[in-house]
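Thanks for making the time this morning.

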Amino acid sequence: MKEQGPDYKQIYMDMIQMKYPDKFENCRTILQKKRLAVLDVLELNQIIFGLKDMETERFNQRHRSYDKLTITRILELQQKNGYSNTEISNQFKISRNTVAKWKKTFLF
(Lines give C-alpha, C1' and ligand atoms only; values in the text may rest on other atoms or scores of the structure.)
Protein backbone atom coordinates (compact mmCIF):
# COMPACT_ATOMS: atom_id res chain seq x y z
CA MET A 1 0.00 0.00 0.00
CA LYS A 2 1.41 3.39 -0.98
CA GLU A 3 1.80 6.18 1.52
CA GLN A 4 -0.79 8.89 0.86
CA GLY A 5 -0.02 12.53 1.36
CA PRO A 6 0.17 15.83 -0.45
CA ASP A 7 1.90 15.89 -3.82
CA TYR A 8 4.48 18.50 -2.83
CA LYS A 9 6.17 18.38 -6.20
CA GLN A 10 2.97 19.42 -8.01
CA ILE A 11 2.14 22.02 -5.35
CA TYR A 12 5.54 23.69 -5.65
CA MET A 13 5.58 23.43 -9.46
CA ASP A 14 2.22 25.22 -9.63
CA MET A 15 3.22 27.82 -7.06
CA ILE A 16 6.48 28.62 -8.85
CA GLN A 17 4.81 28.82 -12.26
CA MET A 18 2.01 31.09 -11.02
CA LYS A 19 3.69 33.36 -8.48
CA TYR A 20 7.47 32.95 -8.58
CA PRO A 21 8.59 32.16 -12.16
CA ASP A 22 11.88 34.00 -11.55
CA LYS A 23 12.88 31.39 -8.92
CA PHE A 24 12.33 28.35 -11.14
CA GLU A 25 16.00 28.02 -12.12
CA ASN A 26 17.07 27.91 -8.46
CA CYS A 27 14.55 25.15 -7.77
CA ARG A 28 15.01 23.10 -10.94
CA THR A 29 17.34 20.43 -9.52
CA ILE A 30 15.04 19.73 -6.57
CA LEU A 31 11.91 19.66 -8.72
CA GLN A 32 13.48 17.16 -11.13
CA LYS A 33 13.37 14.48 -8.45
CA LYS A 34 10.65 11.86 -8.76
CA ARG A 35 9.40 12.40 -5.20
CA LEU A 36 10.25 15.17 -2.76
CA ALA A 37 11.46 14.34 0.74
CA VAL A 38 10.78 16.56 3.73
CA LEU A 39 14.27 18.07 3.49
CA ASP A 40 13.59 18.93 -0.17
CA VAL A 41 10.37 20.71 0.80
CA LEU A 42 12.20 22.68 3.50
CA GLU A 43 14.90 23.66 1.00
CA LEU A 44 12.30 24.77 -1.58
CA ASN A 45 10.57 26.83 1.10
CA GLN A 46 13.86 28.52 1.92
CA ILE A 47 14.62 29.28 -1.74
CA ILE A 48 11.17 30.66 -2.51
CA PHE A 49 10.30 32.55 0.65
CA GLY A 50 13.72 33.33 2.13
CA LEU A 51 14.27 34.21 5.77
CA LYS A 52 11.40 34.93 8.12
CA ASP A 53 11.20 36.69 11.43
CA MET A 54 11.98 34.72 14.59
CA GLU A 55 8.36 34.42 15.77
CA THR A 56 7.21 32.90 12.48
CA GLU A 57 10.21 30.58 12.43
CA ARG A 58 9.47 29.35 15.97
CA PHE A 59 5.81 28.75 15.13
CA ASN A 60 6.64 26.83 11.95
CA GLN A 61 9.27 24.73 13.72
CA ARG A 62 6.75 23.46 16.25
CA HIS A 63 4.55 22.09 13.50
CA ARG A 64 7.15 20.20 11.46
CA SER A 65 7.12 16.46 11.19
CA TYR A 66 9.76 14.17 9.76
CA ASP A 67 9.24 10.85 8.01
CA LYS A 68 11.49 7.83 8.54
CA LEU A 69 13.51 8.51 5.37
CA THR A 70 14.27 12.08 6.43
CA ILE A 71 15.22 11.05 9.95
CA THR A 72 17.65 8.44 8.64
CA ARG A 73 19.15 10.98 6.22
CA ILE A 74 19.71 13.45 9.07
CA LEU A 75 21.29 10.76 11.26
CA GLU A 76 23.48 9.52 8.40
CA LEU A 77 24.64 13.09 7.77
CA GLN A 78 25.49 13.40 11.46
CA GLN A 79 27.43 10.15 11.47
CA LYS A 80 29.24 10.85 8.19
CA ASN A 81 30.42 14.30 9.28
CA GLY A 82 31.04 13.44 12.93
CA TYR A 83 28.58 16.04 14.21
CA SER A 84 27.46 16.01 17.81
CA ASN A 85 23.76 16.03 18.68
CA THR A 86 24.04 19.75 19.38
CA GLU A 87 25.63 20.54 16.02
CA ILE A 88 23.08 18.57 13.99
CA SER A 89 20.18 19.96 16.01
CA ASN A 90 21.37 23.52 15.38
CA GLN A 91 21.77 22.85 11.68
CA PHE A 92 18.21 21.53 11.28
CA LYS A 93 16.69 23.62 14.10
CA ILE A 94 15.44 20.65 16.09
CA SER A 95 15.84 19.70 19.72
CA ARG A 96 18.93 17.82 20.93
CA ASN A 97 16.54 15.53 22.78
CA THR A 98 14.74 14.77 19.51
CA VAL A 99 18.03 13.77 17.87
CA ALA A 100 18.89 11.54 20.85
CA LYS A 101 15.44 9.92 20.71
CA TRP A 102 15.80 9.28 16.98
CA LYS A 103 19.20 7.67 17.55
CA LYS A 104 17.72 5.32 20.16
CA THR A 105 14.73 4.51 17.98
CA PHE A 106 16.69 3.94 14.76
CA LEU A 107 19.75 2.33 16.47
CA PHE A 108 22.44 4.67 15.18
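**Surface, fold and packing**

Let me begin with the surface: the chain exposes about 8200 Å², and carbon and sulfur atoms supply 51% of that area. Please keep in mind throughout that this is a predicted model, and that the values I quote are computed from it.

As for the burial, 24% of the 108 residues in the chain count as buried. The charged side chains come to 20 positive and 13 negative, with the centres of the two sets lying 6 Å apart. If you take the principal axes, the C-alpha atoms of the chain fill a box of roughly 45 × 40 × 25 Å.

What does the secondary structure come to? There are seven helices and zero strands, so that the pattern read along the sequence is α-α-α-α-α-α-α. Among the contacts in the chain with a separation of 6 or more, 52% are accounted for by residues 24 or more positions apart.

Let me now turn to the packing around helix H3, which covers residues 38-49, and take its partners one after another.

With helix H2, residues 24-31, the axes come within 10 Å and cross at roughly 175 degrees. Because that angle is over 145 degrees, H2 counts as roughly antiparallel to H3. On the H2 side the residues involved are Asn-26, Cys-27, Ile-30 and Leu-31, and they meet Asp-40, Glu-43, Leu-44, Ile-47 and Ile-48 in H3.

With helix H1, residues 8-19, the axes of H1 and H3 come within 11 Å and cross at roughly 10 degrees. That angle is under 35 degrees, and H1 is therefore roughly parallel to H3. Here Tyr-8, Tyr-12, Met-15 and Ile-16 in H1 meet Val-41, Leu-44, Asn-45, Ile-48 and Phe-49 in H3.

How do H3 and H5 cross? Their axes come within 8 Å and cross at roughly 80 degrees, and because this falls in the range of 65 to 115 degrees, H3 is roughly perpendicular to H5. The residues that meet are Val-38, Leu-39 and Asp-40 in H3 and Thr-70, Arg-73 and Ile-74 in H5.

Further along H5, which spans residues 68-81, we find Leu-77. Is Leu-77 buried, partly exposed or exposed? Its relative accessible area is 26%, and because that value lies between the 20% and 50% cut-offs, Leu-77 is partly exposed. Leaving out residues up to four places away in sequence, Leu-77 touches Tyr-83, Ile-88, Gln-91 and Phe-92. For one of these, Ile-88, the separation is eleven residues in sequence and 8.4 Å in space, C-alpha to C-alpha.

Next comes the loop between helix H6, residues 85-92, and H7, where Lys-93 is located. Most residues other than glycine have a negative phi. Lys-93, although it is not a glycine, has a positive phi of about 55 degrees. Lys-93 is partly exposed, with a relative accessible area of 48%. Apart from its neighbours within four places in sequence, Lys-93 is in contact with Glu-57 and Gln-61. Lys-93 and Glu-57 are 36 residues apart in sequence and 9.7 Å apart in space, again C-alpha to C-alpha.

Finally, helix H7 runs over residues 96-105 and contains Asn-97. Why does Asn-97 count as exposed? Its relative accessibility is 58%, and exposed means over 50%, so Asn-97 belongs in that class. From Asn-97 to Glu-55 there are 42 residues in sequence, and the two lie 22 Å apart in space, C-alpha to C-alpha.

How values were computed: Residues numbered from 1 in each chain as written. Predicted model: local features only at pLDDT ≥ 70, side-chain atom pairs only at ≥ 80, totals over all residues. Heavy atoms only, no water. Helix = DSSP H or I, 4+ residues; strand = E, 2+ residues; numbered from the N terminus. Buried < 20%, exposed > 50% of the residue type's maximum accessible area, 1.4 Å probe, protein only. Contact = heavy atoms within 4.5 Å. Areas by Shrake-Rupley, 256 points an atom, 1.4 Å probe, with all protein chains shown as cover. Lys, Arg positive; Asp, Glu negative; His and termini not counted. Charge placed at Lys NZ, Arg CZ, Asp CG, Glu CD. Axes fitted to C-alpha atoms, helices over the stretch in contact; angles between N-to-C directions.
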